Amino acid sequence: MFSDSTPAGSAAKGRAGGTQPGWHIALRILTAMVGGYALTSAVTIVLARTLPGSPLDTAMAATLMSFGIYTAIIVWVFAARKILAVTGQVLGLTAVTGLLAWLLRAGAGS
């Protein structure tokens, strides 16, 4: 009844070429939630240990900053074009920052 000026296969190819598989979305969500939380926790510990001031003030300031940090990480993960690259970057930053937090914690006891 209605004529379609586009070939049947071209519309499907155009849509499939621009979309990502479902696991990309799942990996973005997992990276943003779990990786973002871990990275935010490690950064918060490092900030609480390194900011000048009383321990109570630095812990409070680091905790307040953590909300913005976590939000920025989530935006970063969903804005990145290559999910595998950003997942590796989040994991690498978490490992480095976690090691730094551990070293600062070990140094605080001595």
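Leaving aside neighbours within four places in sequence, Thr94 is in contact with Gly35, Ala38 and Leu39. Thr94 itself belongs to helix α4. Its relative accessibility is 17%, so Thr94 counts as buried; the cut-off for that class is under 20%. These values come from a predicted model.

Gly98 counts as partly exposed because its relative accessibility is 27%. That value falls in the class between the 20% limit for buried and the 50% limit for exposed. In sequence, Gly98 and Ile45 are 53 residues apart. In space, their C-alpha atoms are 8.6 Å apart.

Helix α2 spans residues 22-50 and has 29 residues. From its first C-alpha to its last, α2 reaches 41 Å. This is close to the 42 Å expected at 1.5 Å a residue.

A nonpolar patch of about 570 Å² is made by Ile25, Ile29, Leu30, Met33, Val34 and Phe78. Helix α2 gives the largest share of this patch, with five residues. One of the patch members is Ile25, which lies in α2. Ile25 has a relative accessibility of 44% and therefore counts as partly exposed. Residues three or four places apart in an α-helix point the same way, because there are 3.6 residues a turn.

From the N terminus on, the order of elements is α-α-α-α. The protein chain has 110 residues, of which 24% count as buried. Its accessible surface comes to about 7700 Å². Carbon and sulfur atoms hold 72% of that area. Among contacts with a separation of 6 or more, 68% are between residues 24 or more positions apart.

Conventions: Residues are numbered from 1 along each chain as its sequence is written. This is a predicted model: local features need pLDDT of at least 70, side-chain atom pairs count only at pLDDT 80 or more; totals for chains, interfaces and linings use all residues. Side-chain values use heavy atoms; hydrogens and water are left out. Helices (H or I, at least four residues) and strands (E, at least two) are DSSP runs, numbered from the N terminus. The expected span of a helix is 1.5 Å times one less than its number of residues. Buried means under 20% relative accessible area, exposed over 50%, partly exposed in between (1.4 Å probe, protein chains only). Patches are made of residues with over 30% relative accessible area and no salt bridge: like charges are joined within 9 Å, nonpolar side chains (Val, Leu, Ile, Met, Phe, Trp, Tyr) within 5 Å. Accessible areas come from the Shrake-Rupley method with a 1.4 Å probe; for residues, only the protein chains shown count as cover. A salt bridge is a side-chain nitrogen of Lys or Arg within 4 Å of a carboxyl oxygen of Asp or Glu. Contact means heavy atoms within 4.5 Å.
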